[in-house]
There are 6 protein chains.
Amino acid sequence: MNFFRRSAVLGSRGLCFSTLNAVRAMSSSGGPTPPFTTLSVTHPANHITHVELHRPEKKNAMNKAYWSEMVDCFNQIAEDSECRVVVFSGAGKIFTAGIDLMDIAGDLLQPKGDDPARIAWYLRGIICKYQKTFSVIEKCPKPVVVAVHGACVGAGVDLITACDIRLCTQDAWFQVKEVDVGLAADVGTLQRLPKAIGSRSLVNELALTSRKMYSDEAKSCGLVSRVFPDKDSMIAGALEIAGEISGRSPVAVQGTKINLLYSRDHSVTEGLDYMATWNMSMLQTQDIMKSAQAVLEKKSPKDVIFSKL
Amino acid sequence: MNFFRRSAVLGSRGLCFSTLNAVRAMSSSGGPTPPFTTLSVTHPANHITHVELHRPEKKNAMNKAYWSEMVDCFNQIAEDSECRVVVFSGAGKIFTAGIDLMDIAGDLLQPKGDDPARIAWYLRGIICKYQKTFSVIEKCPKPVVVAVHGACVGAGVDLITACDIRLCTQDAWFQVKEVDVGLAADVGTLQRLPKAIGSRSLVNELALTSRKMYSDEAKSCGLVSRVFPDKDSMIAGALEIAGEISGRSPVAVQGTKINLLYSRDHSVTEGLDYMATWNMSMLQTQDIMKSAQAVLEKKSPKDVIFSKL
Amino acid sequence: MNFFRRSAVLGSRGLCFSTLNAVRAMSSSGGPTPPFTTLSVTHPANHITHVELHRPEKKNAMNKAYWSEMVDCFNQIAEDSECRVVVFSGAGKIFTAGIDLMDIAGDLLQPKGDDPARIAWYLRGIICKYQKTFSVIEKCPKPVVVAVHGACVGAGVDLITACDIRLCTQDAWFQVKEVDVGLAADVGTLQRLPKAIGSRSLVNELALTSRKMYSDEAKSCGLVSRVFPDKDSMIAGALEIAGEISGRSPVAVQGTKINLLYSRDHSVTEGLDYMATWNMSMLQTQDIMKSAQAVLEKKSPKDVIFSKL
Amino acid sequence: MNFFRRSAVLGSRGLCFSTLNAVRAMSSSGGPTPPFTTLSVTHPANHITHVELHRPEKKNAMNKAYWSEMVDCFNQIAEDSECRVVVFSGAGKIFTAGIDLMDIAGDLLQPKGDDPARIAWYLRGIICKYQKTFSVIEKCPKPVVVAVHGACVGAGVDLITACDIRLCTQDAWFQVKEVDVGLAADVGTLQRLPKAIGSRSLVNELALTSRKMYSDEAKSCGLVSRVFPDKDSMIAGALEIAGEISGRSPVAVQGTKINLLYSRDHSVTEGLDYMATWNMSMLQTQDIMKSAQAVLEKKSPKDVIFSKL
Amino acid sequence: MNFFRRSAVLGSRGLCFSTLNAVRAMSSSGGPTPPFTTLSVTHPANHITHVELHRPEKKNAMNKAYWSEMVDCFNQIAEDSECRVVVFSGAGKIFTAGIDLMDIAGDLLQPKGDDPARIAWYLRGIICKYQKTFSVIEKCPKPVVVAVHGACVGAGVDLITACDIRLCTQDAWFQVKEVDVGLAADVGTLQRLPKAIGSRSLVNELALTSRKMYSDEAKSCGLVSRVFPDKDSMIAGALEIAGEISGRSPVAVQGTKINLLYSRDHSVTEGLDYMATWNMSMLQTQDIMKSAQAVLEKKSPKDVIFSKL
Amino acid sequence: MNFFRRSAVLGSRGLCFSTLNAVRAMSSSGGPTPPFTTLSVTHPANHITHVELHRPEKKNAMNKAYWSEMVDCFNQIAEDSECRVVVFSGAGKIFTAGIDLMDIAGDLLQPKGDDPARIAWYLRGIICKYQKTFSVIEKCPKPVVVAVHGACVGAGVDLITACDIRLCTQDAWFQVKEVDVGLAADVGTLQRLPKAIGSRSLVNELALTSRKMYSDEAKSCGLVSRVFPDKDSMIAGALEIAGEISGRSPVAVQGTKINLLYSRDHSVTEGLDYMATWNMSMLQTQDIMKSAQAVLEKKSPKDVIFSKL
């Protein structure tokens with residue numbers, strides 16, 4: 001069921017790539033990972049999956065294939081007990097130019113249906129399908145670190161707001177582009193961006209005027225938590241963060257992601273109740289004893305070997 | 001039904017004011033626009049309505065007339081298909097000193113009713129009426145850009161947190177004043193301020209101590225998205241932002257405002273469902289085709305002529 | 001029912017400590033206030049209660065006694081009509097090292113129950129009890145100003161996110177530690193931290209990697225609203241803020257806290273309705289008249305004498 | 001502000017109509033009460049307002065005038081401190097045939113707008129306006145007893161589900177008619193009917209097949225709480241129930257309606273919190289002392305004279 | 001910690017009372033169980049606790065002592081691992097006359113506080129305390145079967161709507177009495193009654209007119225699920241139902257109660273998510289294997305011995 | 001994509017089966033419809049799909065295959081524009097005996113995972129998968145009429161509460177069986193049953209004691225809306241209801257189902273807003289004009305030919 005390429009080296013899973021090698025390996029990725037045509041999936045280090053949006057010749061624009069491949073890819077990752085954390089980035093010169101309008105124009109501009117009600121019905125199906133493409137990132141319990149370089153436009157913003165940790169390069173910029181083409185953004189930006197950053201005035205300004213936001217403002221408003229000088233250092237940084245996460249108990253990490261998302265959408269009282277119900281089983285893990293012992297022995301959590309989850 | 005003054009020049013609507021002229025025109029506004037006594041309503045440019053709080057001799061304090069005029073004014077704007085965006089500012093030396101205590105003292109300090117329960121009933125009616133005065137800004141689907149200079153005190157903060165984009169001058173300051181006069185702010189600040197800025201500790205400090213917050217802190221905490229050196233440059237900036245918005249598809253812009261507000265008050269899942277239901281009709285607009293064509297022809301969205309909404 | 005130590009000086013309640021003396025008094029606290037063994041409770045000034053986490057020899061680690069003493073302490077404060085605001089800090093070299101693992105290891109690591117379901121039932125009871133320890137701070141209607149110096153680790157973060165205003169020293173650092181010991185934080189951090197600061201990416205990074213955050217980042221992300229050079233100046237600052245709060249109408253202040261918390265967990269519409277229902281009685285206080293008169297007479301609200309609440 | 005006809009007899013308000021006379025008076029109503037053209041408003045007894053849908057020659061079909069007159073009428077009733085309860089019924093042979101399709105066909109079948117998105121915008125405005133027509137019944141804090149005879153079709157069901165107490169005659173029948181004309185009911189039936197009766201299977205059957213439901217099934221499923229042999233006895237019964245309500249403390253009665261509606265749409269915990277916040281003022285009414293004394297003196301609450309609310 | 005009287009016979013817990021004996025034992029209860037003064041607590045059979053409201057000479061009116069004893073009693077029951085189900089009934093001639101107005105008149109009619117706001121604050125505390133008295137029944141995870149004979153008035157309705165299964169005698173009647181004494185019911189009836197029965201019209205009629213509802217209507221509207229000819233047969237019936245419940249896995253039973261209550265206050269989607277999170281630990285109980293085996297062996301679940309919970 | 005068997009007769013779709021023939025056809029179904037092994041799918045009349053649970057030799061117990069086939073089947077039905085309504089019933093002597101414990105015992109009783117936390121994770125996945133099996137019925141916008149004969153046990157109750165209209169035979173009985181085997185029902189009954197019938201006391205009794213409920217009580221409590229003397233007459237009745245539904249505008253019918261479900265889980269205000277947003281496109285259907293014309297011409301809606309949806 002898991003048809004991701006795993007290099008021989010990773011087969012052993014005992015050997016840990018140096019971060020530098022990992023970055024190099026990632027930069028030299030040859031193309032999409034079959035059966036995918038828009039995504040490259042590699043394993044730069046133990047328990048870390050790297051997903052790369054890989055249509056560099058099309059500025060990583062999201063075509064029809066992309067919308068369903070993302071769902072397949074993240075469903076597999078969700079099931080893959082070897083994977084504990086995901087790094088997501090874009091191949092080529094920019095992160096993504098957003099939707100590939102040419103490719104999906106037919107769906108949106110020549111919709112099916114005999115009257116506006118039936119066309120509406122058809123369009124609703126399309127929108128829901130596209131929304132699922134990004135929601136699948138949140139449904140996957142493994143944390144996703146997204147690394148943005150260059151342009152991140154339109155649906156790119158929808159994508160990154162569904163990720164857990166956002167990093168970018170100095171030259172990155174972000175643009176909520178939808179109003180420019182006559183529509184309200186409908187695959188996540190209007191829902192998730194206001195919950196990702198603190199300034200409501202800024203969110204409104206970005207969404208209503210489609211002005212570009214550059215990396216420094218993205219950092220100061222909290223959209224990204226770190227800015228790196230260039231893509232290589234960013235990927236190295238992403239791998240380092242991913243390494244911190246993959247080295248910790250998957251019971252703890254995945255429970256944390258699930259409950260952080262639950263809290264976003266519920267009152268504190270509701271969140272606490274859910275948390276208690278969650279942890280009444282999860283505190284029965286051996287990982288706590290293993291981790292506590294590591295603490296006593298002054299070891300890093302990363303030295304502990306945790307069972308599969 | 002729409003009795004706003006429209007100058008002869010704007011009657012044609014084909015001619016576009018230069019921003020500079022617009023600013024001058026706005027600065028020289030002669031007084032309230034009848035039948036209003038506290039608001040001046042002008043049209044500095046195509047599709048842009050400028051509402052000015054206009055009691056400069058009373059520091060723009062909000063008197064009884066104000067509370068009902070705001071509702072009438074924004075209900076008209078909501079219906080006015082010529083208007084696509086609103087700029088809101090204050091005439092005279094400061095934005096607003098808040099509630100005109102002298103004028104409304106009777107209502108609050110000599111409430112009607114034979115016992116505390118009946119007085120409570122009466123007061124509840126007053127509070128709800130005042131709350132509506134600001135909620136009407138959110139119910140109006142046209143984005144509202146508010147421009148603050150000098151003091152913005154008490155009910156002024158309630159007012160601006162109900163607007164969509166907040167700008168201010170270097171000399172502006174903000175004060176949640178209500179605890180100073182013995183009451184918990186009850187017309188919006190306690191509800192909207194925490195959702196407008198990211199730092200909960202700061203919100204609490206402002207609301208519990210009524211200390212002043214100056215423009216630099218307002219910018220860094222995200223309450224305003226831009227600070228201008230003086231009122232003239234701020235109005236010019238507000239008009240520029242308004243111009244960006246008014247030049248885009250009203251179907252896209254107003255759908256964006258409505259869904260951004262919906263998202264604030266719902267979970268992401270709920271917001272996405274509503275968005276899909278919204279756009280199943282709105283994606284059937286010709287504006288998308290018109291806008292897409294403009295993109296292909298390297299034109300600005302502002303060069304497209306959109307139908308009335 | 002109230003067995004807090006009140007010094008003779010404070011018995012009169014007319015005399016106001018100078019802030020400096022207050023700080024000295026606070027620094028020289030001799031130990032826990034019986035019957036508490038982990039908390040010292042003093043009254044540095046009129047209407048101000050100072051609660052100090054007091055196990056300095058154990059780095060203020062939270063042991064079994066602590067979990068129930070907090071509940072007793074804040075329930076008493078909630079009932080104490082002399083108290084209008086609370087300052088919370090830690091005795092000794094750091095704020096807190098978090099849970100005292102040695103002391104409570106038995107509860108968590110040797111849970112009772114014949115099968116995993118029964119153990120789950122038992123653990124759920126423990127978690128809920130611990131959650132209440134911090135929720136009691138929110139249920140207490142008096143604002144709580146927390147002052148952090150040195151380390152604030154694990155359950156310490158749970159604690160401070162339940163407080164209303166957060167201050168820290170230059171040398172303070174914060175760490176969401178739970179993933180390091182194999183569990184998802186379950187007594188409040190995952191629920192309250194995302195609602196305390198604006199950057200979701202940062203929240204996720206902190207919770208998933210357990211990296212330390214230092215005072216400057218804590219300030220820029222909005223976790224704390226002020227940073228002080230050292231503990232003494234911080235306590236002085238905390239007392240000053242507390243003095244601003246205690247000098248204002250308790251009807252206004254406590255209604256503000258209750259409604260700010262309500263707003264966090266409800267939509268704006270719901271919050272406004274609750275607020276109107278709240279204030280239909282609270283606007284009938286004499287405090288408004290008293291405060292308004294003080295304003296007219298150019299007095300500070302702090303010169304007004306308010307009735308007990 | 002209140003321009004309802006009040007007969008000379010009712011002017012004194014001390015005199016109580018016998019129920020029989022009241023019924024006769026109600027049956028002989030001569031026509032709509034100006035300025036209304038579709039509603040007759042009378043006062044058959046102290047504190048009771050009777051609103052009659054009055055287009056008998058058109059089977060009380062709801063035309064354009066009706067939609068705005070209902071809003072005006074119930075807003076006035078909400079403000080009328082003499083009124084404590086409302087009886088609502090239909091003049092002529094049946095309760096109502098529902099929407100007057102001929103009259104409003106233009107609005108729905110020839111909607112305004114240059115493209116489907118703009119038409120959608122226009123239609124949304126119409127729907128929301130019609131929804132308000134019935135929601136105004138719930139917003140009015142005085143209980144509304146609705147008395148149905150003969151047919152109650154389409155929008156008639158929307159109307160009665162917004163009322164508080166439902167009565168009908170033996171010959172009454174109910175029909176959710178909308179699917180028959182190609183639309184999902186959009187002014188309240190789908191929202192309120194499932195919360196008015198307990199059997200979800202029945203609700204679905206009625207709404208999906210538009211079959212008629214007769215009075216006996218309406219009684220057994222709980223849609224109506226009483227069935228009367230004919231219209232006269234039903235009106236007498238409605239007035240008797242109304243008399244029970246109008247004779248009790250308006251503080252108690254209106255607080256009960258408001259909180260019952262609040263509870264319908266919230267969790268029990270939320271409802272209890274709101275209730276406590278509501279009653280912290282309302283328990284300060286003199287009505288409690290007056291009522292308690294009446295109980296001690298073995299009097300009926302109806303012998304107590306309550307102040308205006 | 002558990003100071004309930006347990007007869008020597010029950011000490012063994014192996015012996016099962018015949019239902020008839022149990023009924024006799026329950027009827028002959030000699031008075032309140034110390035330290036309670038208003039409640040008698042007995043154990044008529046294995047795992048069954050019988051709580052009797054015991055002020056027969058005062059028609060079981062709820063006095064001050066009652067309000068706190070209920071909380072203590074059900075908190076103990078919640079902790080008592082021997083108890084798996086509760087039967088609740090009233091001693092003497094009727095179930096309860098509701099609040100003992102004489103006893104608590106001081107609290108409500110002479111409230112403390114210097115102005116209406118402070119009195120409101122005080123009253124809110126009282127209301128919340130009284131609300132907790134009944135909410136404690138829902139918080140207790142053991143199902144509560146309530147058996148009503150004769151009158152159940154006012155606060156009695158609040159009480160029984162917080163129980164899980166309602167039974168009554170032929171001569172029982174129910175009355176939402178609060179509007180008769182000038183207040184909206186504020187300790188649960190308005191929140192829980194609409195969620196206990198299906199007919200909203202009936203709920204409104206009962207709450208707004210305070211008319212009596214007799215046992216047959218109580219059965220047909222679903223308030224009670226069974227009617228018995230007299231008190232003895234009802235108690236026998238209650239014990240039989242209780243016996244069915246106590247004989248089943250406490251993991252299953254208590255999880256069922258908790259999730260049924262959760263579902264009442266949440267959407268189906270939310271309820272399903274919570275349920276899955278709950279059962280991910282609870283399905284690990286040995287009770288499933290034990291019960292499944294009993295099924296295979298054609299035994300009753302009551303023949304299985306389950307561990308304590 | 002649609003591989004349902006369609007008989008040659010139905011290929012024309014113009015010809016309408018007599019109900020009697022349809023019933024006969026349904027009774028003689030030869031077995032599961034490949035590729036299904038547990039479901040038989042036929043088309044007894046135009047626009048009507050009949051799904052039969054088809055493991056009669058196993059009392060229609062739900063085995064592993066069933067859980068995924070239901071999802072596939074209803075996803076296909078959702079996409080099948082020929083289908084407008086579904087009838088669901090059981091083949092053989094009873095409706096269903098519930099879960100096939102033998103078949104799925106391995107999943108539940110020998111769960112995978114190295115510690116209770118990991119087993120919990122695994123079990124949560126299983127539960128969620130099973131929940132989806134029934135939720136898929138609600139996600140399918142076509143109404144589902146379920147017809148129950150004989151026993152409906154355990155998961156059978158979960159199944160039918162997810163259907164829209166419930167019918168049964170005189171000999172039918174229902175049993176919430178889960179507590180008998182040591183678990184709280186976790187695939188829908190505890191969430192949906194309380195929202196399907198009005199009596200909370202009855203719901204609790206059924207779920208806590210697992211007693212059987214027979215057809216007459218099922219009818220009087222509202223679980224089913226009709227009872228038929230035997231299976232043949234019930235299937236005929238189900239087809240008749242289905243015919244009423246399939247003959248009406250699919251835009252109206254499916255919009256009604258979707259909004260009825262939305263209303264169940266939201267407040268009335270929320271439901272009305274969603275409804276207005278929904279119908280702003282759906283009112284643009286030609287079906288309204290077609291249906292209105294049929295009404296004017298005294299035709300049945302069933303004589304109208306509606307476009308595909």
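I began with the overall size of chain A: for 309 residues a compact globule would have a radius of gyration near 19 Å, and chain A, at 20 Å, agrees with that (the radius is taken over C-alpha atoms, and the globule rule is 2.2 Å times the number of residues to the power 0.38). I note that this is a predicted model, in which local features need pLDDT of at least 70 and side-chain atom pairs count only at pLDDT 80 or more, while totals for chains, interfaces and linings use all residues. Residues are numbered from 1 along each chain as its sequence is written, and chains are lettered from A and ligands numbered from 1 in the order in which they are written.

**Chain A**

I looked up the extent of the C-alpha trace of chain A, which spans about 65 × 50 × 40 Å along its principal axes. I found 13 helices and 9 strands in chain A (DSSP runs, H or I of at least four residues for helices and E of at least two for strands, numbered from the N terminus). Buried residues make up 60% of the 309 residues in chain A, where buried means that 20 or more other C-beta atoms, placed from the backbone, lie within 10 Å of the residue's own. Of the contacts in chain A with a separation of 6 or more, 71% are between residues 24 or more positions apart; a contact requires C-beta atoms, placed from the backbone, within 7 Å.

**The core**

I then turned to the largest nonpolar core, which has 598 residues (a set of buried Ala, Val, Leu, Ile, Met, Phe, Trp, Tyr and Cys residues joined through C-beta atoms within 7 Å). Val145 of chains A, B, C, D, E and F has the most contacts inside this core. For Val145(F), leaving out residues up to four places away in sequence, I listed the residues it touches, among them Val86(F), Ile165(F), Leu167(F) and Ile241(F).

**Chains E and F**

I recorded 50 residues from chain E and 38 residues from chain F in their contact. On the side of chain E that touches chain F, helix 12 of chain E gives the largest share, 11 residues. By class, that side of chain E divides into 24 nonpolar, 18 polar and 8 charged residues (Ala, Val, Leu, Ile, Met, Phe, Trp, Tyr, Cys and Pro count as nonpolar, Asp, Glu, Lys and Arg as charged, and the others, Gly among them, as polar).

The copies use different surfaces, and 6% of the contact residues of chain E recur in chain F.

**Chains B and D**

Here I counted 15 residues from chain B and 15 residues from chain D in the contact, with helix 5 of chain B supplying the largest share of the side of chain B that touches chain D, 5 residues. The same surface serves both copies, since 100% of the contact residues of chain B recur in chain D.

Note on methods
Two residues are in contact if their C-beta atoms, placed from the backbone, lie within 7 Å. A residue is buried if 20 or more other C-beta atoms lie within 10 Å of its own, exposed if 12 or fewer, and partly exposed in between; C-beta atoms are placed from the backbone.
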